[in-house]
Amino acid sequence: MPLIFIAVFLLQTLSPNYEELVVQKGSPQIPKEYNSQQALEILDRYNEKPANSKEDSLVLVFHDEKGLTDAQLEKISTTVDGLKTNEQLYVTDVQNPIGDDFLESQLLSEDHKTLTVPFSVNVENKKLEDIRNSIDSYLQPIDTEHYITGGSAITEDNNKSTQEGVSKSEWVTILFIVVVLIIVFRSPVAPIVSLLGIGITYLSSLSLIAILGESYNFPLSIITQSFLIMVLFGIGTDYLILLFMRFKEELGHHESTFSAIAATYKTAGKTVYYSAFAVIVGFSTLFLSGFNVFRSAGAVAVAVVILLIVLSTFVPACMAILGQKLFWPIKKVQGHKENKFWHFLGTYAVRKPVLFAVLAVVITLPNAMLYNGKVSYDTLSQVDPSYDSVKGFNILQDAFSPGKAMPATFVLESNHDLSDAQSLAMIDNITEEIANTKGVKQVYSATRPQSEKIKEFYVQNQSQTISNGLEQSIEGISEIQDGLGEASSRLKDENTPSNAQDIDQLLQGTKAINENLDKLSNGLTSIEAGMRKGEAGASQITEGMMQLENSSNELSASTLQVLGGYQELYTGLSTISDQYSSTAKSLSATLQLVDAIQSYTDTLAQKYTELQSDSDMQQLNGSIKQLKASLTEISNGLATLNGKYTEALVNLKAANDGLAKIADGQKQISSATAKLAASEKSLEDGLEQGANGQAAVISQIPQLQVGLDQLYNGQQSMKTGIESLTTSLGTLQTGLDDSVDGLNKVNTGLADAKQYLDELGKSDTSAFFAPEEALKNADFKTALNNYLSEDKTIAKWTIILSDNPYSMEAIDTVNQINTNVEYLLEGTEFQSAKYGTAGVSADNAALNQLNKSEFTRTVIFMLIGIGIILVIFFRSILLPIYVIISLVLAYFTSINLTEWIYQFGFGHASGTEWAVPFFSFILLIALGVDYSIFLLMRFREYHNEPPKVAIVKALTHMGSVIMSAVIILIGTFGALYPSNVAVLMQLATVVIIGLIILVLVLLPLFIPSLIALTLRKREANENA
């Protein structure tokens, strides 16, 4: 016996702090293959966190009922900025909204009473509780009301709240068991021994499990300790009652204490070992579960093994040492009394088995069938409202909304850049799909950074813009049509033989001038000769002067006529040249417009692939290409023509300049001639001077003739050019007419395109398209940076749910989001992309899925394991089936009644807590199997009796033991109510109701009835 106490002491010494260990490792761990966990891994890569990094996301909540002042906000901002720089706080990231318009609009309430500051902490080397305490101390200088909340903080406080509740229930349980044992044994000794044995088992089990949890990652959860208390103080007390009652009975039949002990363990001990072994097998199957919370209940198997060791060593030692004193002050030792209630029920059950079997089914089955399996994942409701995390969350949901207090995050990871137009269109499609999901209030994404659609990025709006542009294009093309038509008409007017005739007249005039210059030269020579002859030729001079004056005037008139013609021709050609230049510019603008139209039609064809096969669209594209080719040819022709016009204008200007000089010279000659005529009276005196002047004039005439020759040659070249130009103008006129026809076709096509775009603009289409210039916009890049990873391969969506993130409605919304996105991506290039939803609602959605799948799987394993053990124990197939049916009926009846009680009695409309169905099932099955084994093992002891008699005897003798054990268990589980922890109270309610149904209906009525019916059928077969 001393060795037992030494072993307990050593285990207690080596054991780590169990409560701290549960806080660290007791939270539900969802397997990596679940959607929410994949989303968390993608988020880690989005935030460029190392693999397997341990970070928790939290929220600082600042609140002032009077409204946060600028001074308060400034102080909060300064303090918050210091969180990340203080290494002792383990803060890895802070989103300070003060000064950031976008964040401030999201994180500061409209009434300016509440400010939220999201931040992350590294919990790899520091417990979250210690980090929270450090941050609280750091924020002490801020006199504004503030709290730390978030999913991790709420979960941690839930664990603490549960541990505190368990601690409360421990002492209530011990006190209750002591009182009941004293009543049962009517002795203080047996209860003390019982408590010592159970206490040794409990402390040893808890210490060993803590050591295994720390060193070997043995599964733990917040209810592991509660399970140990309930099971060990429950079945441990049951086993001890069974052993002590049988020992008390055997003491009256044996003279030796050791003989009584041997007889006790040969009978009741065998029952205890069978029962304990069945419990060990049942709870051991839980290690096959893929869920750590369910596996953590496997700790009961370890505890029951230790319990068997205590029952095999400490308890018989106490029996041997104390003997009859174990039941002091009772002197008369006798067995337990017969249970008349069970005897009564059992007697009638075997007499009328059909009636009582049906009665048992009627009492239990309807309730069992009404159970709908509704559960709640509202961790928040289980936490004491005095915790800061709950206070902070309540302020958040009042200031914003429950969904905004804890938004969900959807992420998608691709193997290519997601910032191109096509990927952004898919991102917007996903955004639209999520936004249209029932239960979603708002969605923020790269294409909707303010959760609202940017109209300019949608084809519906763009089509209207293009339509307006096409309308302007149609008007512009109509103007170009009119201009080209007018140009064609004017070219017809200009392209006439009169131009060539004018040039011929200029050539003849120039030739006449040259001939008149010869005559003038001859006249001047004659005058000079006459002057030289002196007075003898005065009359000849007078006649020559007359001839000279007439010739000079005629020459001057001819020259001025030619000059006027040249100037008129130059002006006309300049006007035509200007018109050609204007036409060339119009054609250039038309070409640019045609390019733009072609670009629009190409974009529409890419966006709506069905247009590529549309005949109208193909005809429009053909007309545009034909028009573009014609306009290009005309533009090139105009460029060549303008070159020729420019060359002709240069030559013509040179001719005009030469004629102007000639006209000026003739003017001087005419002036000189006039002076000569005027000075006829003084002719003799100026003959010598006149002769010299004539000589000078005669010497200039050859230069005028050379200029006229050059002018004549230029006129010949101009004539050739104009003849060539006339031919080109004809071609140009034909091209312009063709252009007018082409523009008519384009106008028709553009009108059809405009009509289609108008219809598209009026439709419900909301296709997203980001033009290239928009992708370069600084504001749009900022939005992309907020919702795309640095390498642009991961996109993020922030989802605000309409419902409380802990509600089943939120879970259904998250599941629907994942389903909708999966359907949307099917058959696209993003089908193989990784995606998922993260957040409290997503975790609960995964937990719900895991709970359902693992519940079914683990329950099947447990029932199969227990069934096999019962078959081995009872050497029967029917008896284990009867036992399992009765236990299943008890479970579903009790869980349904519990749901009704909490739904209608306590207002828990969301159902029982998610862990209650599973844990209440395994507890009720394990305890029910115990009592079934107690009863049926006693039944087998009477194998020499007829089965009906044997079962009634078993009921009579075991009724008191089992009912006493059930009363103790009811008290044990009832001790969980003071914990004020919903999951523990609901768990206790299910087990208590199930046990009551077992001891009042199923064990005394249902099983005896089935045994009697089996016997009746067997007898009928034998008689047949």
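Leaving aside neighbours within four places in sequence, Phe-919 is in contact with Ile-223, Phe-227, Val-293, Phe-294, Ala-297 and Leu-987, where contact means heavy atoms within 4.5 Å. The model is a predicted one, in which local features need pLDDT of at least 70, side-chain atom pairs count only at pLDDT 80 or more, and totals for chains, interfaces and linings use all residues. Residues are numbered from 1 along each chain as its sequence is written, and side-chain values use heavy atoms, with hydrogens and water left out.

Phe-919 belongs to the largest nonpolar core, which holds 194 residues and in which Phe-227 and Phe-919 touch the most other members. A nonpolar core is a set of buried Ala, Val, Leu, Ile, Met, Phe, Trp, Tyr and Cys residues joined through side-chain atoms within 4.5 Å. A residue is termed buried under 20% relative accessible area, exposed over 50%, and partly exposed in between, with a 1.4 Å probe and protein chains only. Another core, of 24 residues, lies apart from the largest one and includes Leu-68, Leu-89, Val-123 and Ala-153.

In the protein as a whole, 52% of the 1024 residues count as buried. The protein has 30 helices and 10 strands; these are DSSP runs, helices being H or I with at least four residues and strands being E with at least two, numbered from the N terminus. Among contacts with a separation of 6 or more, 83% are between residues 24 or more positions apart.

Two helix pairs were examined. Helix α8 (residues 189-216) packs with α9 at an angle of about 145°, the axes being 10 Å apart. Axes are lines fitted to C-alpha atoms, for helices over the stretch in contact, and angles run from 0 to 180 degrees between N-to-C directions. The crossing of α8 and α9 is right-handed; a crossing has this hand if the near helix is turned clockwise from the far one by less than a right angle, and is left-handed if the turn is anticlockwise. Residues of α8 in the contact include Ile-198, Tyr-202 and Ile-209, and those of α9 include Leu-232, Gly-236 and Thr-237. By class, the contact of α8 with α9 has 13 nonpolar, six polar and no charged residues. In this division Ala, Val, Leu, Ile, Met, Phe, Trp, Tyr, Cys and Pro count as nonpolar, Asp, Glu, Lys and Arg as charged, and the others, Gly among them, as polar.

Helix α17 (residues 421-435) and helix α25 (residues 808-825) also pack at an angle of about 145°, with axes 10 Å apart. The crossing of α17 and α25 is right-handed. Met-426, Asn-429, Ile-430, Glu-433 and Ile-434 of α17 meet Ile-817, Asn-820, Val-821, Leu-824 and Leu-825 of α25. Seven nonpolar, two polar and one charged residues make up this contact.

Thr-237 lies in helix α9 (residues 224-251) and counts as buried because its relative accessibility is 1%. Leaving aside neighbours within four places in sequence, Thr-237 is in contact with Ile-177, Leu-181, Ile-198, Leu-232 and Ile-968. Thr-237 and Ala-965 are 728 residues apart in sequence, yet 7.2 Å apart in space, C-alpha to C-alpha. Asn-158, in helix α7 (residues 151-185), is buried, with a relative accessible area of 6%. Asn-158 and Val-383 are 225 residues apart in sequence and 5.0 Å apart in space, C-alpha to C-alpha. With neighbours within four places in sequence left aside, Asn-158 is in contact with Ile-222, Thr-379, Gln-382 and Val-383.

Several backbone features were noted in loops. A cis peptide bond, with omega about 10°, joins Trp-328 and Pro-329, and Pro-329 is found in the loop between α12 (299-322) and α13 (340-351). His-112, although not a glycine, has a positive phi of about 60°. His-112 is in the loop between α5 (101-107) and β3 (114-122) and counts as partly exposed, at 36% relative accessibility. Ser-451, another residue other than glycine, has a positive phi near 70°. Ser-451 lies in the loop between β7 (440-444) and α18 (459-494) and is buried, with a relative accessible area of 14%.
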